[in-house]
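Please keep the sequence and the structure in view while reading.

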Amino acid sequence: MPGLTAPSDYAREPPRHPCLRINSKEPFNAEPPRSGLILSYVTPVDLFYKRNHGPIPLVEDIERYSVSICGLIDTPRELFMGDIRMLPKYTVTATLQCAGNRRTAMSQVKKVKGVGWDVSALGNAVWGGAKLADVLELVGIPKLASTTKSGGKHVEFVSVDKCKEENGGPYKASIPLSQATNPTAEVLLAYEMNGEVLNRDHGYPLRVVVPGVIGARSVKWLDSINVIANECQGFFMQRDYKMFPPSVNWDNINWSTSRPQMDFPVQSAICSLEDVNAIKPGKVKISGYAVSGGGRGIERVDISIDGGKSWLQASRYQKAGIPYVSDDLNSDKWAWVLFEVVVDISSSTTIVAKAVDLAANVQPEKVEDIWNLRGILNTSWHQVQVRVGHSNM
Ligand SMILES: Nc1nc2c(c(=O)[nH]1)N[C@H]1C(S)=C(S)[C@@H](COP(=O)(O)O)O[C@H]1N2
Ligand SMILES: [Mo]
């Protein structure tokens, strides 16, 4: 695309906030410190994790930037930013979470392949843009369609960034057409993040946001939208971001036996404490986040201060002053909840968090039981050791 270009090196990366913890410099992958994540319900753009597979694309001329919509449709079209901004604008508060969140802890059990992440490879943003369902209507695909006349059943999003995994080709992913054309799925072509123009790291000028689904499907720097018969055959759909049982290793893996991961499972993490924190005895506030995929709210967050023998319930909140109700229309269904509880700690112990979603799905206790060779979806109980010192603290 003339308006959007992809550099082959890292000479023109955007500036980034110094507090981010860098897990890989090129491509740039970084997350905020745990404590930064719970400062606000909506994550500031600067602190939002950045997950890239190549150098950040550049816009040479926004006037010339367009997205082509093609494939198994009657009327292929080029859409310019003006065309997209002309559609009704929606804002959706949604948590984006990388499937690799908490991978480092999974790797400690048995080594996995992939960028190491602590618990902050996620963030909650207010995304602004057009609904994909409205955009597809412009090319003749009605709302709630699950197939086009010419047999299109999937919507593929293609970027321009040069990814090693694609042998220098662009990042791409797809979602089912039925989800893309469903207005209540709220899939966006977003041009704003937290009320500001999307920045380069997060997909300027236009990105997809698929709420409730692993971050890998929310393609940044959108170049084309392809309506296709079968799901996208790209690397990140077919040979990555798939879940396997612990018995599958690099010698016996058959990628075709597993579906590309879409919804993420229920997750939570304590953010007010680092691993092996030294604290004073007495009252301690434990806080963090909990989130589930598929628009399922968080029904409960359980906290244990004795390594999981007994539990107490943390309070959950989204917006200040409004009580959170997991299935209420006024709650943000695609967004995380923050939780907090004050506990009394008198000696060194393990503090644990586990969340329960609206469907009563609960996080598994042991990472061993969900270990997988790519190290995705570590949703095991989040545990933090605290060392209590009674003097000289
Ligand atoms: N074009 C493109 N889109 C992409 C990626 C990428 O590398 N290139 N990374 C994906 C992954 S794995 C995640 S988790 C999210 C991260 O989005 P963020 O950097 O805005 O937090 O973007 C997704 N979209
Ligand atoms: Mo990701």
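**Ligand shell and strand pairing**

Around ligand 1 stand 18 residues, the closest being His 53, Cys 98, Ser 159, Tyr 171 and Gly 215, where a residue is near a molecule if its C-beta atom, placed from the backbone, lies within 6 Å of it. This is a predicted model, in which local features need pLDDT of at least 70 and side-chain atom pairs count only at pLDDT 80 or more, while totals for chains, interfaces and linings use all residues. Residues are numbered from 1 along each chain as its sequence is written, and chains are lettered from A and ligands numbered from 1 in the order in which they are written.

Q: How many residues of the shell around ligand 1 are charged?
A: Asp, Glu, Lys and Arg count as charged, Ala, Val, Leu, Ile, Met, Phe, Trp, Tyr, Cys and Pro as nonpolar, and the others, Gly among them, as polar. On that division the shell around ligand 1 holds eight nonpolar and six polar residues, and the charged ones number four.

Q: Which residue in S22 is the bridge partner of Lys 283?
A: Strands are DSSP runs (E, at least two residues; helices are H or I, at least four), numbered from the N terminus, and two strands pair if DSSP finds at least two bridges between them. Strand S18 (residues 282-291) and strand S22 (residues 337-345) run antiparallel and are joined by nine bridges. In S22, Lys 283 has as its bridge partner Asp 344.

Q: Which strands are the edge strands of the open sheet of five strands?
A: This open sheet, with mixed pairing, has the order S17-S24-S23-S19-S20. Pairing on one side only marks the edge strands, S17 (277-279) and S20 (312-313).
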